[in-house]
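Here are a few notes from going through this one. Have a look at the model alongside them and see if you read it the way I do.

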Amino acid sequence: MTLQAKDIFRQLPPSSIKELMKLEQLMCNQWPAVKTTVCEGWLVQLSNGFTKRANSVIPLSLYNPHEENQVKEEDRSEDKDKGKDNETEQGSQEKFACVVACCETIYSTQQLPAIFRLANIKSVRKLDDILAARNYRCSDLTLVQTLELEQALRSEQIVRLKQAIKMDQTTRLEETMGSGRTIGLEQTRFSFSTNTHIQCELMDHPSIPWINYYLQFSNQTANQSSLMLQMLSSVKGKSAYLLLKDEQSGEVAACGLAIIDGIYMGLHHLVVAPAFRKQGLGTRLVLHLLQWGNDNGAHQCFLAVLANNESALHLYNKFGFIESYRYWYRIAATL
């Protein structure tokens with residue numbers, strides 16, 4: 001994967017930088033690393049190598065309006081005082097190189113490759129160049145998209161989607177998990193135009209069965225279930241762990257997670273089982289979670305989606321999600 005600077009790096013206004021910082025912090029909180037340390041204002045996340053997002057460095061100190069304005073001033077003065085600019089650039093490169101070396105040491109002690117997650121703003125361009133020069137490969141260009149919930153749910157397109165799904169009964173149940181903890185379970189029966197029935201189970205805490213379905217549908221190994229439960233159990237905020245089941249066979253067809261933090265709701269781990277794909281279940285999964293978020297006080301929804309995931313992009317576009325910013329990973333050579 002090759003990044004074209006002219007297409008990727010953008011000068012953002014302070015309001016957009018603040019939103020970027022907020023969304024980055026929310027994503028860290030809603031998919032928390034097992035351990036996080038801070039190195040010169042950069043978050044260094046460690047989770048035994050489980051997912052790049054929870055095992056990467058986020059240079060949060062670069063994601064602020066001051067840094068972005070400084071880049072803007074440097075661009076303006078480039079032709080006025082090249083000697084001074086060269087000294088400034090050399091100093092910043094040396095500082096970045098020292099912090100990168102510190103992060104590499106932290107990951108090497110865990111026998112993990114260093115990974116950096118970088119947003120597409122000009123203040124991180126020098127860091128990206130330094131990592132590229134150190135033979136870090138680029139991976140997983142990702143779009144962070146947002147949606148205003150109340151306005152979207154009132155839109156004509158989503159109203160038509162809701163009309164296509166008849167919610168004919170909703171009950172509040174209580175299910176006791178193996179740990180002895182009681183969690184809320186909401187069940188809704190969806191009637192489809194194909195006369196098939198999908199049952200929706202909405203739990204407010206993570207469980208090993210839900211995690212195993214997610215790992216299975218996303219082709220990940222089940223031996224990470226305990227670690228994933230540990231990570232999700234540390235999440236603050238109201239959560240909805242959703243399962244869609246086929247009523248006739250009892251098979252689980254899809255799963256997804258929504259987490260509310262203040263006015264924001266994040267959508268995570270949305271996946272449909274291979275046997276049930278291309279049947280509209282992704283639409284129903286997202287719609288139910290959006291409605292749940294709106295009913296529980298969320299105003300804005302966000303999610304992250306790979307730039308090459310065309311089917312997911314089409315689905316989210318149908319609901320009106322728009323791109324806020326992009327990020328990608330720089331990954332060190334294998335140890």
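Predicted model: local features only at pLDDT ≥ 70, side-chain atom pairs only at ≥ 80, totals over all residues.

The points below cover a helix, a helix pair and the nonpolar cores.

1. The rest of the structure largely encloses H10, because 13 of its 15 residues are buried. After the helix comes glycine 297, which has a positive phi, near 95°.

2. Next, look at how H8 (residues 208-217) packs with H9 (residues 225-233): their axes come within 10 Å and cross at roughly 115°. The crossing is right-handed. On the H8 side the contact uses Ile208, Trp210, Ile211, Asn212, Tyr214 and Leu215, and these meet Ser225, Ser226, Met228, Leu229 and Leu232 of H9. Sorted by class, that makes eight nonpolar residues, three polar ones and no charged ones.

3. Trp210 and Met228 turn up again in the largest nonpolar core, which has 59 residues; both are among those with the most contacts inside it, along with Met265, Leu267, Leu290, Phe319 and Phe321. Strand E10 (residues 252-261) supplies the largest share of this core, eight residues.

4. Tryptophan 210 deserves a click of its own. Leaving out residues up to four places away in sequence, Trp210 touches Met203, Met228, Leu232, Tyr241, Leu242, Leu243, Cys255, Gly256, Leu257 and His269.

5. Finally, another core lies apart from the largest one; it has 44 residues, including Val44, Leu62, Phe96 and Leu118.

Methods
Residues numbered from 1 in each chain as written. Heavy atoms only, no water. Buried < 20%, exposed > 50% of the residue type's maximum accessible area, 1.4 Å probe, protein only. Helix = DSSP H or I, 4+ residues; strand = E, 2+ residues; numbered from the N terminus. Axes fitted to C-alpha atoms, helices over the stretch in contact; angles between N-to-C directions. Left-handed = near helix turned anticlockwise from the far one by under 90°. Contact = heavy atoms within 4.5 Å. Nonpolar A, V, L, I, M, F, W, Y, C, P; charged D, E, K, R; others polar. Core = buried A, V, L, I, M, F, W, Y, C linked by side-chain atoms within 4.5 Å.
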